[in-house]
Amino acid sequence: HAFAASATGLFASGTSRRSAEAERALEAALVQGDVAERRVIVAAAAKAGLWGLLKQAARDGDETVRLEAVRDAGGGAGFDIVRGAVDDRAEGVRAEAMRLLAGAAGGGARDVLPTFEAMLHGGDRTAREAAVAGIGELPDPGVAGFRLLGEAIASRSESLRTAAARAFGR
């Protein structure tokens, strides 16, 4: 933990050489550290704006590290990290990514509906369910969002119909 804190301090010092050294050190620690260390490194990387490290952490073998990376990526420059996490193998990571996408829809549903629509029409059952849940999290899904929920309600898949019914209930 002290290592990540001192590495983050190097970023604040300003010199590009020291920043590059700190980034390389964090990258090596991310590969070699245990789960608790990797989570601290993710927090340090987010604080320093090291999106490459966060992207790497979002592919970690441990679900808690991936979840931390997605949460810390949030939106803005980390939006691609969050968008990539909607296909994560762990339901908790997918759900957090969908929640963040829905919450980050500053321009309204039109910003995220194309992503949700592509997921809904894809072949992965869990991605379809996550898309429906994401549409349900939108403050105002609009006509297009309700159309997609209607498609899900009319689906042959019971789990997708259930997810759509929950989304309509929100």
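This is a predicted model: local features need pLDDT of at least 70, side-chain atom pairs count only at pLDDT 80 or more; totals for chains, interfaces and linings use all residues.

Me: How many helices and how many strands does the protein have?

Reply: Reading from the N terminus, the elements run α-α-α-α-α-α-α-α-α-α-α. The count for the protein is therefore 11 helices and 0 strands.

Me: At what angle do the axes of helix 3 and helix 5 cross, and how are the two helices oriented?

Reply: The axes of helix 3 (residues 35–48) and helix 5 (residues 63–73) come within 9 Å and cross at roughly 10°. Because angles under 35 degrees count as roughly parallel, helix 3 is, relative to helix 5, roughly parallel.

Me: Which classes of residue make up the contact of helix 3 with helix 5?

Reply: Helix 3 contributes Val35, Arg38, Arg39, Val42, Ala43 and Ala46, while helix 5 contributes Thr64, Val65, Glu68, Ala69 and Asp72. Sorted by class, the contact comprises 6 nonpolar, 1 polar and 4 charged residues.

Me: Is Ser155 buried or exposed?

Reply: Ser155 sits in the loop between helix 10 (142–153) and helix 11 (158–169), and, leaving aside neighbours within four places in sequence, Ser155 is in contact with Leu160 and Arg161. Its relative accessible area is 19%, and since the cut-off for burial is under 20%, Ser155 is buried.

Me: Which backbone atom lies 3.0 Å from a polar atom of the side chain of Ser155?

Reply: The side chain of Ser155 belongs to a residue of the loop between helix 10 and helix 11. At 3.0 Å from a polar atom of that side chain lies the backbone nitrogen of Ser157.

Technical notes:
Residues are numbered from 1 along each chain as its sequence is written. Side-chain values use heavy atoms; hydrogens and water are left out. Helices (H or I, at least four residues) and strands (E, at least two) are DSSP runs, numbered from the N terminus. Buried means under 20% relative accessible area, exposed over 50%, partly exposed in between (1.4 Å probe, protein chains only). A polar contact is a pair of N or O atoms within 3.5 Å; within protein, one must be able to donate a hydrogen and the other to accept it, and residues adjacent in sequence count only if both atoms are side-chain atoms. Contact means heavy atoms within 4.5 Å. Axes are lines fitted to C-alpha atoms, for helices over the stretch in contact, and angles run from 0 to 180 degrees between N-to-C directions. Angles under 35 degrees count as roughly parallel, over 145 as roughly antiparallel, 65 to 115 as roughly perpendicular and the rest as oblique. Ala, Val, Leu, Ile, Met, Phe, Trp, Tyr, Cys and Pro count as nonpolar, Asp, Glu, Lys and Arg as charged, and the others, Gly among them, as polar.
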